[in-house]
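Thanks for coming. I will go through a few packing and pairing details, so please have the structure open.

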Amino acid sequence: MDPKSRKISNATLQQWSPLGEAKSKESIVQTISQTAETLSNAFICDQQPEDLIYNLFKIPNKEEASIGKLLSLLKNFGLQESDPRLKPMMQKIRDIEQAKEEQFKEARDPKHWKLGKADFQKCISESLSLISRTLQNDLVVPSWTQFCNRIKDIYVKCKPISDGKVADYIPQLSRFDPNLWGVSICTIDGQRASWGDSKIPFCVQSVSKAFNYSLAASDLGADMVHHFVGQEPSGRLFNDICLDTNNKPHNPMVNSGAIIVSSLIKNTWNMADRFDHMLTEYRKIAGGEFVGFNNAVFLSERATADRNFALSYYMKENKCFPEETKNLSEALDFYFQLCSMEVTCETAAVMAATLANGGVCPITEERCIASRPCRDVLSLMNSCGMYDYSGQFAFHVGLPAKSGVSGLLIVVIPNLVGIALWSPPLDKMGNSCRGVAFCKELINNFNFHTYDNMSNNEAEKYDPRKRAGEREKDNVVTLLFAAKAGDLNTVRRMYMQGTDLQVADYDKRTALHLAACEGHADVIRFLLNTAKVRADPKDRWNRTPLQDAKAEGHIACIKLLEQSMQLSEGHEDEDEDNVAPTKTESQPKTVKKVEKPKKYTSPQRQTSTAATIRSTESSSTDTEEEEEDFRILLETKKKEIAAYEKSRKPLEGLTNGI
Ligand SMILES: NC(=O)CC[C@H](N)C(=O)O
């Protein structure tokens with residue numbers, strides 16, 4: 001993709017204008033594009049990436065570059081200063097700043113950190129790959145600001161929802177304010193953003209089931225885990241006392257399965273080491289973000305867990321536990337501890353992004369979950385993650401998700417982003433009401449549903465992965481193939497969606513060219529009469545659709561194109577006069593004699609000699625009557641167009657209708 005076509009947001013450009021002399025938007029974009037292009041081909045250019053980046057942020061007429069501007073650019077693409085991949089750079093900046101403060105005895109404004117070339121390059125050296133990718137706009141969501149604005153709109157739209165009830169069967173949970181509402185996102189490239197109550201800690205509760213299963217399966221293997229737990233949705237409430245037909249828990253996402261899965265984790269270790277192990281693993285999945293433990297919730301849940309004890313004794317009776325489980329209270333304590341792990345929305349988004357990223361944490365690039373368990377947990381989240389709402393969620397949202405009674409709901413868009421939603425009020429299935437509403441609205445706006453990406457999909461939803469040029473490129477490709485195939489419905493749909501039907505590919509070929517080449521008169525008629533495209537676009541070889549039609553001998557297409565070209569010539573005459581036609585002027589003008597087309601043989605467009613002869617012959621076989629009829633039709637249509645221009649009402653006859 002030509003780097004010049006990569007969009008740099010205005011916000012980013014605004015950031016840069018104070019770089020010494022006021023740089024025009026074009027010159028900044030030019031510099032970034034040149035840098036991006038060179039960075040993407042660094043291996044073939046003589047400049048080192050560090051030099052390129054230094055020059056990009058260099059302050060004119062000074063031997064310094066602004067590291068502050070670099071940081072604000074990274075921020076515009078969603079990369080946080082706290083990102084572990086930027087920590088070495090941030091540490092070096094602080095060390096240099098500290099040394100300078102000591103030297104100059106003055107506090108310096110961090111926003112405009114100016115560093116000499118050696119210091120600047122020392123700072124960026126350990127984060128070079130991420131910085132280069134960002135400058136090449138090569139992150140998974142290139143238009144970050146636009147994407148975030150759309151997510152924020154959905155967050156705002158869901159805020160007034162007041163359905164649901166805060167869980168109270170665990171007393172500590174019931175103390176949360178029902179108005180709390182937080183949203184955080186993290187892409188597989190570590191681009192992050194948050195809205196609302198995203199920094200307030202809360203317990204993961206059943207969301208832990210997804211990560212416990214992932215870690216157990218990574219450690220023991222899927223087959224071992226599924227010797228004890230099934231993969232079928234239960235269709236029942238998350239804490240129902242029931243087993244499947246094999247007398248096993250239905251799946252790891254309901255309480256029965258989760259209790260058994262947690263009893264499989266490091267079950268020969270002592271309780272303290274088991275807990276430490278899981279806290280460490282959770283923190284790895286979270287990329288070092290906050291993961292705590294809420295002892296009050298743990299104690300409160302343990303003291304009110306009759307249902308889970310009853311369920312566990314029922315499973316003990318059915319020999320569901322591994323033989324290593326000797327003490328049911330300890331087994332349940334461990335399960336309750338994992339449910340009482342504390343996170344924030346921001347943490348949970350990184351954890352969800354680790355699942356979206358195939359088990360590798362996006363902000364540390366550390367593998368935390370093996371690939372197969374990551375695939376398996378997403379399958380189970382897709383089929384069982386929302387309890388007995390899972391079927392409807394898969395239908396309406398079509399994404400892997402896991403909910404918990406604290407009001408947390410994580411959603412995973414594989415290979416793109418992890419989303420954490422938190423709002424305590426729950427529906428009767430135990431899912432966050434605002435969270436579920438957000439997911440439905442997300443699918444209304446983005447093509448994230450598993451089956452939104454079918455070919456010939458008619459829904460025009462936003463895909464944040466697309467670069468601006470790619471979206472246009474898609475339209476061109478779709479339109480030209482439709483015109484070539486004579487697929488008028490697709491051409492009509494794209495017209496209805498506001499696509500410019502005059503778009504051309506890199507050979508400057510348009511839909512009209514393709515339709516003329518293939519003889520699709522109905523498509524030509526629609527393009528000319530309804531979409532009002534220019535009748536005479538010229539491709540790279542200076543060839544018009546009329547010449548294509550004649551080269552291929554498509555008579556009907558020739559007539560339509562000649563008629564339209566003459567109409568527009570006549571129209572241009574009127575425009576040239578630029579005066580309202582007076583009574584005498586409205587008299588029919590003599591129609592210019594249409595030049596017989598010259599024979600066309602372009603190296604790229606060798607047409608068969610027969611077709612060429614046919615087209616030349618066909619234009620000479622027109623009878624005088626036909627030409628007279630044609631002239632009369634021409635004059636009638638000219639008058640109708642003049643009247644239409646005045647009345648701006650739909651024109652009968654000429655339009656193809658939609
Ligand atoms: N759905 C949930 O979040 C339930 C978790 C809770 N700890 C329980 O076992 O009931």
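Helix 22 passes helix 24 in a right-handed crossing; a crossing is right-handed if the near helix is turned clockwise from the far one by less than a right angle, and left-handed if anticlockwise. The model is a predicted one, where local features need pLDDT of at least 70 and side-chain atom pairs count only at pLDDT 80 or more, while totals for chains, interfaces and linings use all residues. Residues are numbered from 1 along each chain as its sequence is written, and side-chain values use heavy atoms, with hydrogens and water left out.

Helices (H or I, at least four residues) and strands (E, at least two) are DSSP runs, numbered from the N terminus. Helix 22 covers residues 511-518 and helix 24 covers residues 545-552; they pack at about 15°, axes 7 Å apart. That angle makes helix 22 roughly parallel to helix 24. Axes are lines fitted to C-alpha atoms, for helices over the stretch in contact, and angles run from 0 to 180 degrees between N-to-C directions. Under 35 degrees counts as roughly parallel, over 145 as roughly antiparallel, 65 to 115 as roughly perpendicular, and the rest as oblique.

Which residues of helix 22 and helix 24 meet? Leu512, His513, Ala516 and Cys517 come from helix 22, and Pro545, Asp548, Ala549 and Glu552 from helix 24. Contact means heavy atoms within 4.5 Å.

Over residues 507-529 the chain is 74% helix and 0% strand.

Next, another helix pair. Helix 14 (residues 306-317) and helix 15 (residues 328-339) pack at about 125°, with axes 11 Å apart. Helix 14 and helix 15 are therefore oblique to each other. Their contact includes Phe309 and Tyr313 of helix 14, and Leu332 and Phe336 of helix 15.

Now the strands. Two strands pair if DSSP finds at least two bridges between them. Strand 3 (residues 182-187) and strand 4 (residues 192-196) pair in the antiparallel sense over five bridges, and Gly182 has Gly196 as its bridge partner in strand 4. They form a hairpin with four residues between them, and Gly190 in the turn has a positive phi of about 80°.

Last, an open sheet of three strands, in the order 5-7-6, with antiparallel pairing. Strand 5 (202-203) and strand 6 (292-293) are the edge strands, each pairing on one side only. Helix 12 (residues 271-285) packs on this sheet and touches strand 6 and strand 7. Its direction makes about 20° with that of strand 7.
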